[in-house]
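Have the model open while you read.

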Amino acid sequence: MQPSPSAYALPPDDPHHRRVVARYVQTMSSEMPRYLDLNSGRFLRPGWPHAERFTRHLVADAAAITDAELETLLDHGWRPRTTAAWLIGVDRREAFRERLGALLLDSEVCYAGRGYCFALARLGTVADAEILVAYLDRYLPRTDLRYDQGDALGALLRIDAALGSDHAAPFTVPGGPWDTWVGALPRLRGHAEWTPERQRRWTDLCCDFAAGWTSP
């Protein structure tokens, strides 16, 4: 398993880092800090009462945050990294592609990988697909690890659909790497939530949400 979230609960004892975390990670547009809203995905639920306020603040901060502040957030812990990944994805900061790819492949902390995959799907180029392929090549054979394989596959399928490519095909053939990875846990075998289509659906929801509030 990935490291426990509690192992990365606090930012380093640095005033600048704490200021940036307070400004972008712990800010509240609902009754919870932003990082919890992002991690839960509840902003995607129809009828969530804080949806418009949450989204407007997220989009504004994605445009306002500096590259240096994003680097600060990416330096420590799943909470800042999750938030940074979403801000990068919403604003499509292509300069962070390689950094996100390295963090995804290293898989140092839990939860943040979903944000990295969202951001790569939003960038949506062949280069992003190649990062996701590298991740799946490394982690799908690890049937003992339940990291971000599903989010990576969903993001890759989203990019394939947009580009008319087939990067995901080697992973999704019947009896191939995806089926083997899912089948390693009996409770997941045949479960509708663990089909490639359902993995892409989550990515589509996140990316369509971002696209609906930002310029093309």
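1. A quick term to begin: buried means under 20% relative accessible area, exposed over 50%, and partly exposed in between (1.4 Å probe, protein chains only). By that rule Phe209 is buried, at 13%, and Phe43 is buried too, at 4%.

2. This is a predicted model: local features need pLDDT of at least 70, side-chain atom pairs count only at pLDDT 80 or more, and totals for chains, interfaces and linings use all residues. Residues are numbered from 1 along each chain as its sequence is written, and side-chain values use heavy atoms, with hydrogens and water left out.

3. Now the rings. Those of Phe, Tyr and Trp (its six-membered ring) pair if their centres lie within 6.5 Å; planes under 30 degrees apart are stacked, over 60 edge-to-face, and the rest tilted. The whole structure has 13 such pairs. Phe43 and Phe209 make a tilted one, with 4.9 Å between centres and 50 degrees between planes. They sit 166 residues apart, Phe209 being in helix α12.

4. Trp78 is buried at 4%, whereas Tyr111 is partly exposed at 39%.

5. Arg146 lies over the face of Trp181, 4.0 Å from the ring centre. The rule here is NZ of Lys or CZ of Arg within 6 Å of the centre and within 35 degrees of the ring normal.

Key
Helix = DSSP H or I, 4+ residues; strand = E, 2+ residues; numbered from the N terminus.
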